Every structure is written in C-alpha cells, then in structure tokens.
Amino acid sequence: MLKKFKRVNGFFWQLAFLPFLLTGCATAPPKNASNLCDIFFEKEDWYDAAVDTRDKWGVPLHVPMAMMYQESSFRHDALPPKDYVFFGLIPWGRVSSAYGYSQAKTMTWADYVKETGNSWADRDDFDDAMDFMGWFIYKSYRINGTSKWDAYGQYLNYHEGWGGYRRKSYNRKPWLKKVAAKVKSRSLRYATQLKTCQEELDKSWFWKLFS
C-alpha cells in the first residue's frame, strides 16, 4: 500500500511540475536581437530556415527578419494586445487572431496552408513562420508589385493586407508609416551586418551537410 501511495504521489508531483518543464523547453528569443549575425550564430537552425525561405521564395534574408522582429520580437508565443469593453474596464479576448513569430492571422495562415500544402505548419514554429513570411512577401510582389527588397512597402502590405495596400489605407495611419520606416531601417542594418558574417555562416551551413 505504501509503495502504491508513493507511485501515485510521485505521478501527481510530475504533473505539477510539467508546465515548468514545458516552459523550460520553449524556444527563447535571441540574446541580441539587434544584430543579425549574433542571431544566426546563436540559432544556426534559424539561418537554415532563412536560407530555405530565400531559395524558395526569392526573398532576401534581412527583410522577413526585420518584419518578424517588429511583429513579435522573435517570441514564438507572441499574442496581440487584449481587447476591452465597457469603457475599457473588462477584457474581452484579443484585438485580432494573430499569433506566433510572424503574428499571422488565422484566416491568412489558412490561405497559406491551402496554397502551399504545408498542412503540418504551426505559427509558433520558426521554420514555418519564416516560410509563411516568404510566401506573403512573394505574393505582395506578384499582386501589388512591391519589391521583395522593399521592407517599407512589404511591411505596409503585411499590416494592411493586399487590398488595403492597393487602396493606400496606410495614408490614414501616420503611426503605421513610422513603424514601416523603423522596419526599413532595421532591415538595412541587418543587411549590412549580414555582409560581415554570411561567408562564415555559409561555411558552417556547408559543413553541416557532411556532419
């Protein structure tokens, strides 16, 4: 009887600590998100995913990375702010269905899955989030003619949607233009940084093929 009690008691202790164990396994944001080289050296699998996105969608690495920083600060479980009702006193869900690294909305993510066939994709998976952003940037280029290298225009597409961008809805949102300018500035800084380390990153990537 005593042994059985110990087994049951141990099981409940494991359940009690399970959330902490899962939290410990969660992917933490990079230590220095202001430097793209530091990001990719710390998280080599992120560089692999970024290269795959570049090769698949023709998207330069620094553009989706700058956009992702703006959207989630590289947090896998990022959520939009809470919505409030009754004069802002009672929380009532979230302001949108955006979630994850890319802050992709549920319907847009469903369109991505349908078009790409990536049915196992998760918004809190970095590889899938990068592929989603590559897909979106590629579509913004095909639909609205926005250069894949134009982080400013691409971010406006990303925030307003392709229809909103065509209608220039961003002109009624000066704050959004300022944010898009910040994304552009970060993307250019990331691009400059990447030039100093891409050769070394590519060497590491090449040798991993044979490891």
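In what order do the elements of the chain run from the N terminus on? They run α-α-α-α-β-β-α-α-α-α. That makes 8 helices and 2 strands. Helices (H or I, at least four residues) and strands (E, at least two) are DSSP runs, numbered from the N terminus. This is a predicted model: local features need pLDDT of at least 70, side-chain atom pairs count only at pLDDT 80 or more, and totals for chains, interfaces and linings use all residues. Residues are numbered from 1 along each chain as its sequence is written, and side-chain values use heavy atoms, with hydrogens and water left out.

**Burial**

- Of the 211 residues of the chain, 39% count as buried.
- Buried means under 20% relative accessible area, exposed means over 50%, and partly exposed lies in between (1.4 Å probe, protein chains only).
- The buried residues of H4 include three methionines, Met-65, Met-67 and Met-68.
- His-62, Val-63, Pro-64, Ala-66 and Ser-72 are also among the buried residues of H4.
- Just after H4 comes Ser-73, with a positive phi of about 55°.

**The disulfide**

- The whole structure holds 1 disulfide, meaning a pair of cysteine sulfur atoms within 2.5 Å.
- Its partners are Cys-37 and Cys-197, with sulfur atoms 2.1 Å apart.
- The pair links distant parts of the chain, 160 residues apart.
- Cys-37 sits in helix H2 (residues 36-42), and Cys-197 sits in helix H8 (residues 174-208).
- The link of Cys-37 and Cys-197 is left-handed, with -90° about the S-S bond.
- Both Cys-37 and Cys-197 are buried.

**Salt bridges**

- A search of the whole structure finds 5 salt bridges.
- A salt bridge is a side-chain nitrogen of Lys or Arg within 4 Å of a carboxyl oxygen of Asp or Glu.
- One of them joins Glu-42 to Lys-31, with the closest N and O atoms 3.7 Å apart.
- Glu-42 is in helix H2, while Lys-31 is in the loop between helix H1 (2-25) and H2, 11 residues apart.
- Glu-42 is partly exposed at 33% relative accessibility, whereas Lys-31 is exposed at 77%.
- Another joins Asp-55 to Arg-54, with the closest N and O atoms 3.1 Å apart.
- Asp-55 is exposed at 53% relative accessibility, and Arg-54 is partly exposed at 28%.
- Glu-160 pairs with Lys-173, and their closest N and O atoms are 2.9 Å apart.
- Glu-160 lies in helix H7 (residues 151-166) and Lys-173 in the loop between H7 and H8, so the pair ties together parts 13 residues apart in sequence.
- Glu-160 is buried, at 15% relative accessible area, and Lys-173 is partly exposed at 25%.

**The negative patch**

- Asp-45, Asp-52, Asp-77, Asp-122, Asp-124, Asp-125 and Asp-127 form a negative surface patch.
- Patches take residues with over 30% relative accessible area and no salt bridge; like charges are joined within 9 Å, and nonpolar side chains (Val, Leu, Ile, Met, Phe, Trp, Tyr) within 5 Å.
- Asp and Glu count as negative, Lys and Arg as positive; His and the chain ends are not counted.
- The place of a charge is taken as NZ of Lys, CZ of Arg, CG of Asp or CD of Glu.
- Asp-45 lies in helix H3 (residues 44-57).
- Asp-45 is partly exposed, at 46% relative accessible area.

Methods. Accessible areas come from the Shrake-Rupley method with a 1.4 Å probe; for residues, only the protein chains shown count as cover.
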